[in-house]
Amino acid sequence: MPLTSAQTDVAIQALNRFAVELPSWGFANTGTRFGKFIQAGAATNTPEKIADAGQVHQFTGCCPTVAVHVLWDFAKGLADVPEVLQVAAAHGVAIGAINPNVFQDQCYKNGSLGNPDPEVRRMALSHILDCVEIQRATGSRDLSLWFADGTNFPGTGSIRARKQWFTEGLQATHAALSGNQRMLVEYKPFEPAFYHTDIADWGMSYIYCKQSGPRAKVLVDTGHHYQAQNIEQIVAWLLSEDMLGGFHFNDRRYADDDLTLGSIDPYQVFRIFHEICQFAFETGTTPDIPYMVDQSHNLKNKIEEMIQTACTAQELYLKAALVDHATLAIHQKSGALMDAEECLRAAFFTDVRPVLREWRQMKGMAAEPLKAFRESGYTAKAEAERGARNLGAVSSYA
Ligand code: PSV
Ligand code: MN
């Protein structure tokens, strides 16, 4: 059934406000710890990553910002900021969340802010504070903190001492923020630490944020939950506590494995968006939530995969926006279970692709982003320009 004109209006408004941030690290060749499959056209440096993100925005119209990972994108630290800003502007995007990296250097073997060695904790904090300066220089609102900290074997670390060190490090980070700056604290139940992680779930993140101050909010990475966990309930709670800082979107079948958003369970993503849209309806507000992609693909063409992700996010957000919130509230109050659930199902099964095509055309874009990108010839050009650099690193590429 085609949308009514009232539904079309709701859909257009939803599309006008919806944006999703791309990760710079999703455009370079990456792999699993078992191997790396090189793509000849993948980005080989930060300007290329930003250029590729610009392509995704150009064809989808909903990805105006790019999250950056400091060690991977700002090798020279603050000195790199002017070039990064200039490249971003040239490609029609802005710099989004700043991600410190306190996990890959050798000194972090036993952790960063949770390391028993005070000198390592000091180095980690110093890197994070440098990132706050970069955040200030790029004008980014959010500092996005993820820690690989934890232990691998029972008894090998003091869980409570590490908690205290984290509290101190996060409070010191918070103290450095000013203006509209915020810090987002991400949680993850395991990997790379396989016995305990220092910020394992949303409750731990919530406590650290509360102890740090009002600029600290919880970041929900959809891949960082145990099987069967009710993520939308976590989202609803964080919303009601004004503690939802943002999202890292990806999907997973078993554990955090960076699968494409919605590729395994689109209804899960819809239910998350539904909690947000229902909250907006009930409170008469539009929560300002950064939706960020955190995926890094080894096998699919990286730009195509990001286009697919952005379109999926738009479709699922749109479906959630189309839930008849007023009717749902009546059914919830009267205990009409079937009717309430059907409100969600009706929206979820609505084909929103026609109105999405219409919106794109209204904005001067091609109706089918993936097709248009493929026809643009960008991949062939990138392969020609970057192939030698990418393939030079591999001896057995066939
Ligand atoms: C860790 O798994 C994580 O989700 C963090 O957000 C990192 O910044 C990102 O992935 C790195 O790919
Ligand atoms: Mn993440």
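These are my notebook entries on a predicted model, taken site by site.

**Entry 1, the metal.** I began with the manganese ion (ligand 2) and listed its protein donors. Glu 186 (OE), Asp 221 (OD), His 248 (ND1) and Asp 294 (OD) coordinate the manganese ion at 2.1 to 2.2 Å. Along the chain, the donors of the manganese ion follow the spacing E-x34-D-x26-H-x45-D. I then located two of these donors in the secondary structure. Asp 221 belongs to strand β8 (residues 216-221) and His 248 to strand β9 (residues 244-249). The pair is 27 residues apart and links distant parts of the chain.

What arrangement do the 6 donor atoms around the manganese ion make? I looked up the angles, and they run from 71 to 163 degrees, so the arrangement is octahedral.

The cut-off I applied for buried is under 20% relative accessible area.

I next listed the residues around ligand 1. Ligand 1 is surrounded by Trp 25, His 69, Trp 146, Glu 186, Lys 188, Asp 221, His 224, His 248, Asp 256 and Asp 294. By class, this shell divides into 2 nonpolar, 3 polar and 5 charged residues. Glu 186, Asp 221, His 248 and Asp 294 from this list also coordinate the manganese ion.

I looked up distances from side chains to oxygen atoms of ligand 1. For Asp 294, a polar side-chain atom lies 2.7 Å from an oxygen atom of ligand 1. For His 224, a polar side-chain atom is 3.2 Å from an oxygen atom of the ligand. For Asp 256, an N or O atom of the side chain is 3.3 Å from an oxygen atom of ligand 1. How much of ligand 1 does the protein bury? Taken alone, ligand 1 exposes 310 Å², and the protein buries 87% of that.

I went through the loops for backbone angles. Glu 191 and Pro 192 are joined by a cis peptide bond, with omega about 5 degrees. Pro 192 sits in the loop between β6 (182-186) and β7 (196-197). Ala 228 is not a glycine, yet its phi is positive, at about 75 degrees. I placed Ala 228 in the loop between β8 and α8 (231-240). Because its relative accessibility is 79%, Ala 228 counts as exposed. Asp 258, also a residue other than glycine, has a positive phi near 55 degrees. Asp 258 is in the loop between β9 and α9 (266-283).

From Leu 318 to Gly 41, I noted a C-alpha to C-alpha distance of 32 Å and a sequence separation of 277 residues. Arg 360 lies in helix α13 (residues 353-362). Arg 360 is buried, since its relative accessible area is 4%. Arg 360 and Gly 61 are 299 residues apart in sequence, while their C-alpha atoms are 7.6 Å apart in space.

How values were computed: Residues are numbered from 1 along each chain as its sequence is written. Chains are lettered from A and ligands numbered from 1 in the order in which they are written. This is a predicted model: local features need pLDDT of at least 70, side-chain atom pairs count only at pLDDT 80 or more; totals for chains, interfaces and linings use all residues. Side-chain values use heavy atoms; hydrogens and water are left out. Donors are N, O and S atoms within 2.8 Å of the metal (3.2 Å for Na, K and Ca); water is not among the atoms, so sites may look incomplete. Four donors count as tetrahedral if all angles lie between 85 and 135 degrees; four count as square planar and six as octahedral if opposite donors are over 155 degrees apart and all others between 65 and 115; anything else is irregular. Helices (H or I, at least four residues) and strands (E, at least two) are DSSP runs, numbered from the N terminus. A residue is near a molecule or strand if one of its heavy atoms lies within 4 Å of it. A polar contact is a pair of N or O atoms within 3.5 Å; within protein, one must be able to donate a hydrogen and the other to accept it, and residues adjacent in sequence count only if both atoms are side-chain atoms. Accessible areas come from the Shrake-Rupley method with a 1.4 Å probe; for residues, only the protein chains shown count as cover. Ala, Val, Leu, Ile, Met, Phe, Trp, Tyr, Cys and Pro count as nonpolar, Asp, Glu, Lys and Arg as charged, and the others, Gly among them, as polar. Buried means under 20% relative accessible area, exposed over 50%, partly exposed in between (1.4 Å probe, protein chains only).
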